[in-house]
Amino acid sequence: RVLPEGPATELGARLDRIGGQIARARGIIDHMRVYGRKDLPGQQNCDPIALLHGLETVLGEQLRLLLIKLEIVCERPMPRVTIGEGQLEQVLINVVLNARDAILGLAASGASCKGTITIVCETVPAQSAVRFLVTDTGGGISESVLPRLFEPFFTTKPPGVGTGLGLSVAFGILKDNGGSITARNVTHGAEFTVTVPVAAERAPEAAA
């Protein structure tokens, strides 16, 4: 920062970019501590807005480098939900990475498409739940595959790529926490719907 103006200006700009990347890496590592921690009893609820912010921290740069746009739309305010942050993030990361692979597979086939993954988070008052809609432009899922999508070890990826466990694990996590996950085809791709119950509000004395 004390370099004189002139030839060193470009070096200073590069150092600023390096500093920015270090800060980004620190944010990802701090967030991965949450992702890797086993949820303890009494901690089984999380803030969907903070969760989506963390998801963007972890995956946003990777998707940008792959020329895939990540769009996040979330209602505010948003109630907390009855599932641990690490567990719900594991579910959404699996869904987003599958969407990424579908978009990359479509591009590799020569199809012209705009790579976009959209996450919409909204409340469902009638069900006392929060719903995450994850939509992609990856060309959709074969109708013959849809009924088996959440079976363990079932995958349409080539040998050596993936385990076929991601979506089945996501299904199990949500079922254990009173939630659900479904999939359907929409225009230009697929849409996954992840639904989780809203956490009951604690009485003031309990919160204290």
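Of the 208 residues of the protein, 34% count as buried, where buried denotes under 20% relative accessible area, exposed over 50%, and partly exposed the range in between, with a 1.4 Å probe and protein chains only. The model is a predicted one, in which local features require pLDDT of at least 70 and side-chain atom pairs are counted only at pLDDT 80 or more, whereas totals for chains, interfaces and linings use all residues. Residues are numbered from 1 along each chain as its sequence is written, and side-chain values rest on heavy atoms, with hydrogens and water left out. The protein exposes about 12300 Å², of which carbon and sulfur atoms supply 58%; accessible areas were computed by the Shrake-Rupley method with a 1.4 Å probe.

Five helices and five strands are present, taken as DSSP runs (H or I of at least four residues for helices, E of at least two for strands) and numbered from the N terminus. Along the sequence they follow the pattern α-α-β-α-β-β-α-β-β-α. Among contacts (heavy atoms within 4.5 Å) between residues at least 6 apart in sequence, 70% join residues at least 24 apart.

The five strands form an open sheet with mixed pairing and the order β1-β2-β3-β5-β4, two strands being treated as paired if DSSP finds at least two bridges between them. Because β1 (69-74) and β4 (180-186) stand at the edges with a single partner strand each, one side of each is left without a neighbour in the sheet. From one strand to the next the twist averages 15 degrees. Seven bridges join β3 and β5 in the antiparallel sense, and Leu-133 stands opposite Thr-193 in β5.

Two helices lie across this sheet. Helix α2 lies across β1, β2 and β3 and runs at about 170 degrees to β1, while α3 lies across β2, β3, β4 and β5 and runs at about 20 degrees to β3; axes are lines fitted to C-alpha atoms, for helices over the stretch in contact, and angles run from 0 to 180 degrees between N-to-C directions.

The largest nonpolar core has 41 residues, with Leu-88, Leu-92, Ile-117, Phe-132 and Phe-192 having the most contacts inside it; such a core is a set of buried Ala, Val, Leu, Ile, Met, Phe, Trp, Tyr and Cys residues joined through side-chain atoms within 4.5 Å. Two or more residues are given to this core by each of α2 (48-65), α3 (85-108), β2 (116-124), β3 (129-136), α4 (166-176) and β5 (189-197), and the largest share, eight residues, comes from α3. Leaving aside neighbours within four places in sequence, the contacts of Ile-117 include Leu-63, Leu-70, Val-96, Ile-103 and Val-134.
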